[in-house]
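My notes are below, in the order I made them.

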Amino acid sequence: WVEPKIPALRFTGKAFAYLKIAEGCAHRCSYCAIPAIRGKYRSRPMSAILREAKALLKSGCRELDVVAQDPMLWREEVEKKGGGGERKVLRLTDLLWKLDKFPGDFWIRVLYSYPSEIDEDYVVWLMTAKHAVKYVDVPLQHTVPEVLEKMNRKAAIDASLTVAETLRALIPEITLRTTIMTGFPGETEHRFNVMRSDLWRMQFDHLGAFAYSPEEGTKGAKMRGRPCRAVAEERERLVMEQQERIWKLKAKRMLGRTFRALVVAPGVARMASQAPDVDGVTYVDCDEVGEFVNVRLEKVKGFDFIGVCESK
């Protein structure tokens, strides 16, 4: 890995920043061209990540959003203390605990967690780390084994069906998000309905759906049994329509309560349950960008909230 000699450009403003910990991808999902474009998975050195994180926090950043194609696969091999040529492998939680030791009031949010790679160490970090945001974005893509096999996500089958209940049992206050693909080869009407039933059972707090579009050079583009585009888009609509019903029920239960939020722009804040760019925001009567405030939620507007700042 060759680190750039100049700091990375930052377009997110003062309040938060994306902290990239790896490039490339180790998975070979049959619908995705990223491995061919970006190459194999390459972890950034811990020293470089910590140096960048320290600089971001010093500049006033209050939320570090840890990103990669799959952050759970971050690794670094280092020599054990005492020498002797022995080596040990550092994993994502080793990096996260190092980040958690930085002083100050800030959030650490990990974005994208492959369902079968969420382990006990990661759950312990989520539960106990001072700066950890109890938020997991676990992109399922689908829930039906036959479709997941065609997607070359066979290793994730069991976890895809149980991850929501498992995480909620361990961390009741956790926020869960997922992404779903409709219209992939092998998705019959029956299999689509099974997936919708699974999603209703799992009750994700946030969900994004998109209709499959073949990418040139991928295995998926050559597979037979793909629903037509109109069907895929209609299924996408049905998934999002169901999610809107789930969201309204969840949002209603949050009204009248007070939550801590980070002001990311004048009049705009995000709670721990709202990740940047993909979830809604909370409109507030506060303009102190980069400050944490306590917000009482008063109204729901689409997938956003309107709240009143009570205090810091």
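**Entry 1: ground rules.** I am working from a predicted model, so every value here is computed from it.

**Entry 2: salt bridges.** I searched the whole structure and got 21 salt bridges. As a reminder to myself, side chains of opposite charge can pair when their charged atoms come close. I then picked a few to look at one by one.

I began with Arg 109, which pairs with Asp 65, and the closest N and O atoms are 3.4 Å apart. Which strands hold the two partners? Arg 109 is in strand E7 (residues 107-110) and Asp 65 is in strand E4 (residues 63-67), so this bridge ties together parts that are 44 residues apart in sequence. I checked burial too: Arg 109 and Asp 65 are both buried.

Next up was Asp 137 with Arg 177, where the closest N and O atoms are 4.0 Å apart. This pair also links distant parts of the chain, with Asp 137 in strand E8 (residues 135-137) and Arg 177 in strand E9 (residues 175-182), 40 residues apart. Asp 137 is buried, and Arg 177 is buried as well.

Then I went to a helix. Glu 234 bridges to Arg 237, and here the closest N and O atoms are 2.7 Å apart. Why are they about one helical turn apart? Because they sit three residues apart in helix H8 (residues 229-254). I looked up how open they are: Glu 234 is partly exposed, with a relative accessible area of 36%, and Arg 237 is partly exposed at 40%.

I also noted a network.

**Entry 3: aromatic rings.** My search of the whole structure turned up seven aromatic pairs. One of them is Tyr 122 with Trp 125, a stacked pair at 6.2 Å centre to centre, with 15° between the planes. Tyr 122 and Trp 125 are three residues apart in helix H4 (residues 120-128), so about one helical turn separates them. Are these two buried or exposed? Both Tyr 122 and Trp 125 are buried.

I wrote down a ring cluster too: Tyr 31, Phe 184 and Tyr 212 are linked by ring pairs.

**Entry 4: charged patches.** Which residues make up the positive surface patch? I found Lys 81, Lys 88, Lys 98 and Lys 101 there. I followed up on Lys 81, which is in the loop between strand E5 (75-79) and strand E6 (87-91). Lys 81 has 87% relative accessibility, so I logged this lysine as exposed.

There is a negative surface patch as well, formed by Asp 94, Asp 119, Glu 120 and Asp 121. Glu 120 belongs to helix H4. With 64% relative accessibility, Glu 120 counts as exposed.

Entry 5: I ended on Tyr 114, which I located in the loop between E7 and H4. Tyr 114 counts as buried because its relative accessibility is 9%, and the cut-off for buried is under 20%. How far apart are the C-alpha atoms of Tyr 114 and Pro 139? I get 6.6 Å, for residues that are 25 residues apart along the chain.

How values were computed: Residues numbered from 1 in each chain as written. Predicted model: local features only at pLDDT ≥ 70, side-chain atom pairs only at ≥ 80, totals over all residues. Heavy atoms only, no water. Patch = residues over 30% accessible without salt bridge, like charges linked within 9 Å, V, L, I, M, F, W, Y side chains within 5 Å. Areas by Shrake-Rupley, 256 points an atom, 1.4 Å probe, with all protein chains shown as cover. Salt bridge = Lys/Arg side-chain N within 4 Å of Asp/Glu carboxyl O. Lys, Arg positive; Asp, Glu negative; His and termini not counted. Charge placed at Lys NZ, Arg CZ, Asp CG, Glu CD. Helix = DSSP H or I, 4+ residues; strand = E, 2+ residues; numbered from the N terminus. Buried < 20%, exposed > 50% of the residue type's maximum accessible area, 1.4 Å probe, protein only. Phe/Tyr/Trp six-rings, centres within 6.5 Å; stacked < 30°, edge-to-face > 60°.
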